[in-house]
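Please read the points below with the structure open beside you.

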Amino acid sequence: MKQNIINARITFRKSPIHVLERFAFKDLSDAYLSFKKHANISECVIIQTCNRVELFTASDNHDVHKIKKTWASLTGLEENAFADILEICDNHDAFEHLLKLTSGLESLVVGEEQILGQIKESIAVARNTKASGKRLNKLFDTSIRIGTRIRNSTGISKGGISLGSMAVKLAEENVDDIKSKNVLLIGTGEAATMVAKSLNKRGYEFHVTSRTVERAIGFSQTLGGKPIKFEDVLSAFDNYEIIFVATIAPYFLVTFDKMIESMKNKKSGMMILDLSNPRTVDEQVATIPGIKLMNIDQIAEMVDKNMTKRKEKVSTVQNIISEEVPIIEATMKRLDAEPLVKDVFTNADSMRIKELQKALQMLGETDEKRIKIIDELTKAVVESIVSAPMNNLRKASEQGNPDLLETASKLFNYKKKD
Ligand SMILES: NC(=O)c1ccc[n+]([C@@H]2O[C@H](COP(=O)([O-])OP(=O)(O)OC[C@H]3O[C@@H](n4cnc5c(N)ncnc54)[C@H](OP(=O)(O)O)[C@@H]3O)[C@@H](O)[C@H]2O)c1
């Protein structure tokens, strides 16, 4: 293959979540510009979620060191921070990895749906900013289509339990009669929505708070709960027996000191479920008598244990992916030949039209029927001459024969345009 595709990634598999977030790009447009400028790449797509920061790149001449160096400089990290946690693969393995992502095999919760939406969003952003081009656009469009088909045909995304529902289930398992308890939800984003939906489904009342009070009010209008001012909540955790926390605050909202204070006069115990990643509840809180704390990793682990049905489907999904990867590989290789093939067909056709018009003028031909016959004849001649070599070129490209492509480029005087 002339152009290689590389995937460079840091994910929850090799890095704790609080470390992972340091590798995220604050300004995506800037990241795209820098990678193109400093890392020898012609196309780039960045996938950035709470569980992964991934780069897919296309280049004639990849330089992994430059990718790492640019990544480090964009995030203000030392290059040695990447040691042991940066995973890199190319072509076949990168295609396989992307299919695993789109079909949900790479997710913390196998088969979860969110990643597919996040990948669609990533390629849309890359496309709009022209960070991606025909190779990565084709690769992502194909992988999204296959991932969707795999999910539909195998049911890998069905029969699961969301993190939100699991958090509520864990609260039920640890706290008696939730209906008689005071429940608080801190956060009004996607994760908090999952919790609220589950609380509603089970008929549990709750208070909801967000840094922005308008957001808590809007949230409560569609997802239930009674909106409470953020400041009022932070100084009165002792009002609650169950607290769900799901925010992206870059500091601990629930601190050790606050909870020591809150538990001083509290008669009952308290359960805190922190869905935030990175944590927004200080782990030390778990050492305070009367408090049971569960963090996102523990909740995700329980979700995972409940995923037996999905897990049974993993090998089926894996088999489909193994069949699809060589097809993607051939499609991507074929792309190398397409600009040349298109160029040859366009040139041949413009020559045909020029010569046809000359001949018609010399003949003084005006009869529409006869002109059509001559036109069809010239088309058939050009096609029969050009089609066979072009198809052979496509095949050679599919089979990874770049030499023939080079030779054909010289023969047809083709100059690469991108
Ligand atoms: N989305 C998921 O499927 C999912 C799954 C598992 C875990 N998580 C984790 O759950 C957390 C929330 O994710 P999300 O997807 O729900 O995010 P989101 O949709 O962006 O919502 C973010 C929430 O955090 C609040 N927030 C932001 N900055 C804050 C600050 N400095 N202090 C206090 N609150 C702040 C926002 O409230 P205001 O707008 O009012 O400030 C909002 O309620 C993250 O840590 C994420 O890693 C998410």
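1. Helix α4 (residues 91–103) and helix α6 (residues 134–154) have axes that come within 8 Å and cross at roughly 45°. Axes here are lines fitted to C-alpha atoms, for helices over the stretch in contact, and angles run from 0 to 180 degrees between N-to-C directions. α4 is therefore oblique to α6; angles under 35 degrees count as roughly parallel, over 145 as roughly antiparallel, 65 to 115 as roughly perpendicular and the rest as oblique. The crossing of α4 over α6 is right-handed, a term used if the near helix is turned clockwise from the far one by less than a right angle (left-handed if anticlockwise). Helices (H or I, at least four residues) and strands (E, at least two) are DSSP runs, numbered from the N terminus.

2. This is a predicted model, in which local features need pLDDT of at least 70 and side-chain atom pairs count only at pLDDT 80 or more, while totals for chains, interfaces and linings use all residues. Residues are numbered from 1 along each chain as its sequence is written, and side-chain values use heavy atoms, with hydrogens and water left out.

3. How do α6 and α14 cross? Their axes come within 10 Å, at an angle of roughly 160°. α6 is therefore roughly antiparallel to α14, and α6 passes α14 in a right-handed crossing.

4. Helix α14 (residues 314–363) also packs with helix α15 (residues 368–398), at about 160° and with the axes 9 Å apart. These two helices are therefore roughly antiparallel to each other, and α14 passes α15 in a right-handed crossing. By class, their contact has 16 nonpolar, three polar and nine charged residues. Ala, Val, Leu, Ile, Met, Phe, Trp, Tyr, Cys and Pro count as nonpolar, Asp, Glu, Lys and Arg as charged, and the others, Gly among them, as polar.

5. Which backbone atoms lie by oxygen atoms of the ligand? A polar backbone atom of Thr188 is 2.7 Å from a ligand oxygen. For a backbone N or O atom of Asn277 the distance is 2.7 Å, and for one of Ile248 it is 3.1 Å. The protein covers 86% of the 890 Å² of accessible area (Shrake-Rupley method, 1.4 Å probe) that the ligand has on its own.

6. Most residues other than glycine have a negative phi, and most peptide bonds are trans. Asn277 and Pro278 are joined by a cis peptide bond, with omega about 10°. Pro278 lies in the loop between β9 (270–274) and β10 (291–294). Asp84, a residue other than glycine, has a positive phi near 70°. Asp84 is in the loop between α3 (64–75) and β4 (87–90).

Key:
Polar contact = N/O pair within 3.5 Å; in protein donor to acceptor, adjacent residues only side chain to side chain.
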